[in-house]
Amino acid sequence: MKKIKLTPNMLTNGLRGMLAVIAITIPVWLIGKAVLGEAVIGLLYLAPIAWSASKWGQAAGMSAALTAALCFDFLFIPPFYTFAVGSLEGWLVLAIFFAIAIVVVGRIQDSLSKAREATFMYELSSALSNARTQDAVAHIAAKYIRQLFQASLVNITFQQSKQSPRLAIREPQDGEQMGRPDRILPILNAWGLVGEIQIWRGEYADLPPVESHLLQNFASQAARAFEHTQSTEDEKTAKGLISHTPAK
């Protein structure tokens, strides 16, 4: 199993999530449990958790959820000002609150991931539609794949036929190939298997499975762009031959 490594950015975002919870804890504590009640306090704590997850990411959301659970227990669940829970009801309230907080963070992250992926696919499609050469297609696809998955290395190879030269693009260009790629995506179009996309996992991010919709979408987008640019290049070559053929 791949170990999750903490980065300065994750720690900073986690601290932000904690501060967001503390910021709402102060007025809630001043108003008091007797006025608000446990249910209202729990709902109020969900606000900084959701905000942190949507604003700063999963690390901030999880940090906020844990901080909120601790503050909820310490200040508003008897016995007060300790982390002990004196009754079954208190345990149930705390467990239900923490479970809901985790679900909220997960749902927000899932929605943000889907929105981010949709944006990337739209940007990739737009960039590929403007590509005029196969070399440009390979560079664009490799750049977007590496950016989205924070991959350490992306290799793209393409060859329409045995007579055509083999195209090989690496992103980054000075990246080192270490062992076998973590993901290999075949590039298939009307001509059959014409190449593949090789992806090496980055240090702080994981990759979806090969059969995932996202990776398959990348491969199909690249295949269509290669096919389109090849057809365009063939048309230009044919026009050039016609224009240089002397009239009889």
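This report describes the fold of a predicted model and the packing of some of its helices.

Residues are numbered from 1 along each chain as its sequence is written, and side-chain values use heavy atoms, without hydrogens and water. In this predicted model, local features need pLDDT of at least 70 and side-chain atom pairs count only at pLDDT 80 or more, while totals for chains, interfaces and linings use all residues.

**Overall fold**

The protein chain holds seven helices and four strands, where helices (H or I, at least four residues) and strands (E, at least two) are DSSP runs numbered from the N terminus. Their order from the N terminus is α-α-α-α-α-α-β-β-β-β-α. The chain has 248 residues, and 39% of them count as buried (under 20% relative accessible area, with a 1.4 Å probe and protein chains only). Among contacts (heavy atoms within 4.5 Å) with a separation of 6 or more, 62% join residues 24 or more positions apart.

Two packed helices are described by the angle between their axes and the distance between the axes. Here the axes are lines fitted to C-alpha atoms over the stretch in contact, and angles run from 0 to 180 degrees between N-to-C directions.

| Pair | Axes come within | Crossing angle |
|---|---|---|
| α3 (residues 38–56) and α4 (residues 58–76) | 7 Å | roughly 160° |
| α1 (residues 8–31) and α4 | 7 Å | roughly 30° |

The angle between α3 and α4 makes α3 roughly antiparallel to α4 (over 145 degrees). This crossing is right-handed, meaning that the near helix is turned clockwise from the far one by less than a right angle. Residues in the contact include Tyr45, Pro48, Ile49 and Trp56 of α3 and Ala64, Ala68, Phe72 and Phe76 of α4. By class, the α3 contact with α4 has 13 nonpolar, four polar and one charged residues; Ala, Val, Leu, Ile, Met, Phe, Trp, Tyr, Cys and Pro count as nonpolar, Asp, Glu, Lys and Arg as charged, and the others, Gly among them, as polar.

Helix α1 also passes α4 in a right-handed crossing. Among the residues that meet are Met10, Gly14, Val21 and Trp29 in α1 and Ala60, Ser63, Thr67 and Leu75 in α4. The contact of α1 with α4 has 12 nonpolar, six polar and no charged residues.

**Helix α6**

Helix α6 (residues 134–149) has 16 residues and spans 23 Å from its first C-alpha to its last, close to the 22 Å expected at 1.5 Å a residue (1.5 Å times one less than the number of residues). Its buried residues include Val137, Ile140, Tyr144, Leu148 and Phe149. Just after α6, Gln150 has a positive phi of about 50°.

Terms used:
Buried means under 20% relative accessible area, exposed over 50%, partly exposed in between (1.4 Å probe, protein chains only). Angles under 35 degrees count as roughly parallel, over 145 as roughly antiparallel, 65 to 115 as roughly perpendicular and the rest as oblique.
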